[in-house]
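Visitor: I would like to learn how to read a model like this one. Where do we begin?

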Amino acid sequence: MIWNKAKECMSLEDKRRMQGERLRKLVERVYHSTPFYRQKMQEMDITPDDIRTIDDIVKLPFTTKQDLRDNYPYGLFAVPMSEIIRLHASSGTTGLPTVVGYTRRDLSIWSEMIARCLTAYGATSNDIFTVAYGYGLFTGGLGVHYGVEYLGGTVIPMSSGNTAKQIQLMHDFGPTAIACTPSYALYLAEAMQKTGIPREEFKLKIGVFGAEPWTDNMRREIEAKMGINAYNIYGLSEVMGPGVSHECEFKDGSHIIDDHFYPEIVSPDTLQQLPYGEQGELVFTTLTKEGLPLLRYRTKDLCTLTDEPCRCGRTNVRMSRIVGRSDDMLIIRGVNVFPSQIESVILEMEEFEPHYLLVVERINNLDILEVQVEVRDGFYSDEINKMMALKKKMGQRLQSVLGISADIKLVEPFSIKRSEGKAQRVLDKRVFS
Ligand code: ADP
Ligand code: ZN
């Protein structure tokens, strides 16, 4: 059990004092080791002396993914390459990948963070984990892998894909926990059902799911299908990887490991810091990271924060689920639409499977949103009337949640492509020029 009570249950006052000290040291360090930050601070006419307490953080410059790209590959590293012992890179679907580097100390902190997450889910050294996040440049696989080892649990380094083998080994090796994306968990759950092997022959109890947005309805679905307790894990490679925040047994928001990552919420438009409780863009400052320290990194992830006490006793600030990414928000006929809103509606209706695809097109200058969704076995029918009624019901619910109408396309079970990693749920065919 890795419960770092000294850090996880600190009084808020002591925490802020510690964060302030760490911030001072961090700023001093990057000012002298990273020309990019020195220049930014000089342009803003500040020096490390201007940073005394954690509240001074608002004086510091932001960092964006574009800054990492502009300094590709190693420009923002703050130590010589001889001290970097591992590289990872984010998927880079929208351009050059962003490369992140870790020192030995960074990796050890990362492993401890993940062990803390796993402990909060109730896992111990007696647990066997099958890690079905992708291994490789993606931080998911190796990140969780070393966290399980740090905890003292047993790790099965499965990686993603090869579903038939995953299931066979889950059956034969008896893992009690699984880590993968929530969309892959659903896929696996269905594939497990199809094998006809009774659920009691699997020993799974705990699911460690993250790397993509998901909803509480999706959680219930996975929990019911797999017979497990499913927990959220959040992270991003630029900041560290998975484990930046995690749920506890109460599943009431995710505790941020804020002794290492200082969170802020800012308005994506004005970049002003917002008070706890207000929704905005999540920003992190890596208080202790050596290889790639970041000041006020803009995640693009939208959520809220709270420092209300949690029943588990941890005092770490909690973040809500990610409602979307500011760059994944669809603007349809001028209305902001997040895929998570649509997912919630789909999962609230028993007639549907939690598999969907959103297709957006512009026809005659009008945005058209098509929601393709799988009808659950037993609800799918050849009778046109029944299907029309179902479409109408779904259309009305979506309209009331989104404020715009959508075309609903009902499809048969298993017709939407399943994902083994992060699910692609939006196909935006509009051309903006
Ligand atoms: P990228 O996807 O940009 O290549 P990462 O693999 O590091 O980079 O993914 C990080 C992003 O994944 C986060 O910024 C966030 O948008 C998303 N993400 C990770 N974990 C979660 C989670 N538990 N809930 C919602 N979104 C998540
Ligand atoms: Zn808690």
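The dialogue below takes up the metal site, a helix, the domains and the salt bridges in turn.

Guide: This is a predicted model, in which local features need pLDDT of at least 70 and side-chain atom pairs count only at pLDDT 80 or more, while totals for chains, interfaces and linings use all residues. Residues are numbered from 1 along each chain as its sequence is written, chains are lettered from A and ligands numbered from 1 in the order in which they are written, and side-chain values use heavy atoms, with hydrogens and water left out.

Visitor: Which atoms coordinate the zinc ion (ligand 2)?

Guide: Donors are N, O and S atoms within 2.8 Å of the metal (3.2 Å for Na, K and Ca), and sites may look incomplete because water is not among the atoms. Here the zinc ion (ligand 2) is held by C248 (SG), H255 (NE2), C310 (SG) and C312 (SG), at 2.1 to 2.3 Å. Along the sequence, these donor residues follow the spacing C-x6-H-x54-C-x1-C.

Visitor: What arrangement do the 4 donor atoms make?

Guide: Four donors count as tetrahedral if all angles lie between 85 and 135 degrees. Around the zinc ion (ligand 2) the angles are 102 to 114 degrees, so the arrangement is tetrahedral.

Visitor: Is C248 buried or exposed?

Guide: Buried means under 20% relative accessible area, exposed over 50%, and partly exposed in between (1.4 Å probe, protein chains only). C248 counts as buried because its relative accessibility is 0%, and H255 is buried, also with a relative accessible area of 0%.

Visitor: How many residues of helix α9 are buried?

Guide: Helices (H or I, at least four residues) and strands (E, at least two) are DSSP runs, numbered from the N terminus. In helix α9 (residues 216-226), 8 of the 11 residues are buried, so the helix is largely enclosed by the rest of the structure. Among them are M218, I222 and M226. For packing, contact means heavy atoms within 4.5 Å. The buried residues of α9 pack against α8 (182-195), β6 (206-210), β7 (229-236), α10 (339-348) and β18 (352-363). After α9 comes G227, with a positive phi near 65 degrees.

Visitor: What are the domains of the protein chain?

Guide: Domain bounds come from an automatic or database domain assignment. That assignment gives domain 1 (81-327) and domain 2 (335-428). To their contact, domain 1 gives 25 residues and domain 2 gives 18 residues. Buried area is the accessible area (1.4 Å probe) that two parts lose on being put together, summed over both. Between domain 1 and domain 2 this comes to about 1,800 Å², with 53% from carbon and sulfur atoms.

Visitor: How many salt bridges are there between domain 1 and domain 2?

Guide: Side chains of opposite charge can pair when their charged atoms come close. A salt bridge is a side-chain nitrogen of Lys or Arg within 4 Å of a carboxyl oxygen of Asp or Glu. The count between domain 1 and domain 2 is 3, and a search of the whole structure finds 34.

Visitor: Which parts does the pair of D259 and R116 tie together?

Guide: D259 and R116 form a salt bridge at 2.9 Å, N to O. D259 lies in the loop between β9 (254-256) and β10 (261-266) and R116 in helix α5 (residues 104-120), so the pair ties together parts 143 residues apart in sequence.

Visitor: Which residues do salt bridges with shared partners join into one network?

Guide: R418 meets E374 in a salt bridge (2.7 Å, N to O). The network formed through shared partners consists of E190, E221, K225, E353, E374, R376 and R418. Within it, E190 also pairs with R418 at 3.1 Å, N to O, and with K225, where the closest N and O atoms are 3.9 Å apart.

Conventions:
Tetrahedral: all angles 85-135°; square planar, octahedral: opposite > 155°, others 65-115°.
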